[in-house]
Amino acid sequence: DLSEAPFMIEELQGSLSNIRIRDMRIDENENPAVGSALRGFVGIVNGGQLDHIFVEDSQIHGYYMSGAITGQLHSGAVMRDCSVKDTTLINYAPAS
């Protein structure tokens with residue numbers, strides 16, 4: 001349960017490979033005070049590389065840049081042979 005933090009890894013500049021994530025729960029609605037717009041297993045991939053990352057049976061509810069594997073890929077980042085299965089992603093619109 002990641003309701004206390006919106007990601008497992010805030011920023012990746014190196015590489016991750018061969019990881020299976022199951023039953024991940026990120027819910028911005030439960031803890032809107034966290035303050036980061038980046039939601040996912042990795043908040044931001046900054047020139048890093050993700051290989052064979054699999055997310056399944058998970059729920060991500062957030063604002064702005066939310067994703068199951070990563071919230072944002074920067075220029076130069078590589079994502080290879082990754083997949084998401086049976087996962088719900090809901091991006092909430094901010095209240096105006």
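In the predicted model, Asp81 is located in the loop that connects strand E8, spanning residues 78-80, with strand E9, spanning residues 83-85. Most residues other than glycine have a negative phi.

A positive phi is also found at Asn18, where the angle is near 55°, and this residue, too, is one other than glycine. Whereas Asp81 is placed in a loop, Asn18 belongs to a strand, namely E2, which comprises residues 15-22. The relative accessible area of Asn18 is 61%, and the residue is therefore classed as exposed, given that this class begins over 50%.

With regard to strand pairing, the model contains an open sheet built from three strands, arranged in the order E1-E4-E7 and paired in parallel. The edges of this sheet are formed by strand E1, covering residues 9-12, and by strand E7, covering residues 70-73, each of which pairs on one side only. From one strand to the next, the twist of the sheet averages 10°. In general, the strands of a sheet pair through backbone hydrogen bonds, in either a parallel or an antiparallel manner.

Within this sheet, strand E4, which consists of residues 42-45, is joined to E7 by three bridges, and the two strands run parallel. At the residue level, Val42 has Thr70 of strand E7 as its bridge partner.

Definitions and conventions: Residues numbered from 1 in each chain as written. Predicted model: local features only at pLDDT ≥ 70, side-chain atom pairs only at ≥ 80, totals over all residues. Heavy atoms only, no water. Pairing = 2+ DSSP bridges. Helix = DSSP H or I, 4+ residues; strand = E, 2+ residues; numbered from the N terminus. Axes fitted to C-alpha atoms, helices over the stretch in contact; angles between N-to-C directions. Buried < 20%, exposed > 50% of the residue type's maximum accessible area, 1.4 Å probe, protein only.
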